[in-house]
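Have the model open as you read.

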Amino acid sequence: MIIFDQKEYRNITLPEYQIEKPILQVELLKLQEWVVAQKKRMIILFEGRDAAGKGSTIKRFTENLNPKNYQVIELGIPTKSESRYWFKRYEKRFPKPGEITFFDRSWYTRALIEPTMGYCKKGQYKYFMSKVVKWEENLIKNGVILIKFYLSVAKEKQGVRFRHRMESPLKYWKYSPNDEMVQKKWEVFTRFKEQMFERTSTEISPWVVVNSN
């Protein structure tokens with residue numbers, strides 16, 4: 001199992017963040033220009049529990065990029081056909097040459113929240129886990145640059161963020177009864193997460209784990 005874990009890095013102060021953020025965004029813009037010039041296809045996906053900060057992180061990644069050459073994909077509840085043909089659901093949204101696609105949750109929904117909440121059948125989960133590594137290897141062999149981020153949040157921090165959502169006049173819509181159930185199934189999700197890392201973090205397609213507390 002190959003995982004790049006960021007937890008050994010210290011938290012930075014707000015002044016340090018304000019200095020570092022634009023520097024890194026310049027590097028992201030250079031990366032995008034390279035992708036366009038070389039006609040590469042790049043996928044950057046973000047997984048994690050609810051309130052881990054996936055959407056906010058993607059906003060920081062993209063806020064200074066050229067909007068003509070990237071897309072952000074956040075899919076909702078799958079149709080019956082999409083649930084059956086799981087990989088094709090995502091292949092339809094893959095980047096064209098010269099594009100970057102950011103996935104706010106990805107095909108790994110089937111490895112994490114779907115089995116945790118009972119949204120997929122056991123057979124669907126097992127099929128996904130038996131096929132995803134080879135499928136990703138084929139993508140990479142065919143020229144796709146794939147980067148997988150997992151944003152790790154503590155249960156207590158998640159609870160705090162849920163309460164902030166409920167109390168915020170601008171973010172209350174983000175909170176749903178499902179969020180409460182997610183907290184109750186914390187350990188179940190953890191088991192599926194550990195299985196995902198164990199079986200899908202490979203040398204050519206590792207997970208990068210980031211402390212998002």
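Let's begin with two helices: α6 (residues 122–141) and α9 (residues 186–200) pack with their axes 10 Å apart, at an angle of about 30°. Please keep in mind that this is a predicted model.

**The α6 and α9 pair**

- Two packed helices are described by the angle between their axes and the distance between the axes.
- Angles under 35 degrees count as roughly parallel, and α6 and α9 are therefore roughly parallel to each other.
- On the α6 side, the contact is made by Tyr125, Met129, Ser130, Val132 and Val133.
- On the α9 side, Phe192, Gln195, Met196, Arg199 and Thr200 make the contact.
- Sorted by class, the contact of α6 with α9 has six nonpolar, three polar and one charged residues.

**How the strands pair**

- Strand β3 (residues 70–73) runs parallel to β4, and four bridges join them. Tyr70 has Ile100 of β4 as its bridge partner.
- β4 also pairs with β2 in the parallel sense, over six bridges. Here Leu45 has its bridge partner in β4, namely Phe103.
- Strand β2 (residues 41–48) is in turn joined to strand β5 (residues 144–152) by eight bridges, and these strands run parallel. If you want a residue pair to look for, Ile44 has Ile147 of β5 as its bridge partner.
- Ser152 is bridged to Asn211 in β6.

**Strand β4, face by face**

- How many residues of strand β4 (residues 99–104) are buried? Six of its six residues are, so the strand is described as mostly covered, buried meaning under 20% relative accessible area.
- In a regular strand the side chains alternate between the two faces of the sheet.
- Both faces of β4 are covered. Glu99, Thr101 and Phe103 are buried on one side, and Ile100, Phe102 and Asp104 are buried on the other.

- Gln25 sits in helix α1 (residues 14–38). Is Gln25 buried or exposed? Its relative accessibility is 10%, so Gln25 counts as buried.
- The side chain of Gln25 makes a polar contact of 2.7 Å with the side chain of Glu63.
- Leaving aside neighbours within four places in sequence, Gln25 is in contact with Arg60, Glu63 and Asn64.
- Arg60 belongs to helix α2. With 37% relative accessibility, Arg60 counts as partly exposed.
- Not counting residues up to four places away in sequence, Arg60 touches Tyr17, Lys21 and Gln25.

**Two positive phi angles**

- Most residues other than glycine have a negative phi, and most peptide bonds are trans.
- Lys39 is not a glycine, yet it has a positive phi of about 55°. Lys39 lies in the loop between α1 and β2, and with a relative accessible area of 61% it is exposed.
- Ala51, also not a glycine, has a positive phi of about 70°. Ala51 is in the loop between β2 and α2 (54–62), and with a relative accessible area of 9% it is buried.

- Ser201 is in the loop between α9 and β6. Its relative accessible area is 4%, so Ser201 is buried.
- What lies 2.8 Å from a polar atom of the side chain of Ser201? The backbone nitrogen of Trp207 does.
- Met181 is part of helix α8 (residues 177–184). At 37% relative accessibility, Met181 counts as partly exposed.
- Met181 and Val36 are 145 residues apart in sequence, and their C-alpha atoms are 42 Å apart in space.

Key: Residues numbered from 1 in each chain as written. Predicted model: local features only at pLDDT ≥ 70, side-chain atom pairs only at ≥ 80, totals over all residues. Heavy atoms only, no water. Buried < 20%, exposed > 50% of the residue type's maximum accessible area, 1.4 Å probe, protein only. Polar contact = N/O pair within 3.5 Å; in protein donor to acceptor, adjacent residues only side chain to side chain. Contact = heavy atoms within 4.5 Å. Axes fitted to C-alpha atoms, helices over the stretch in contact; angles between N-to-C directions. Parallel < 35°, antiparallel > 145°, perpendicular 65-115°, else oblique. Nonpolar A, V, L, I, M, F, W, Y, C, P; charged D, E, K, R; others polar. Pairing = 2+ DSSP bridges.
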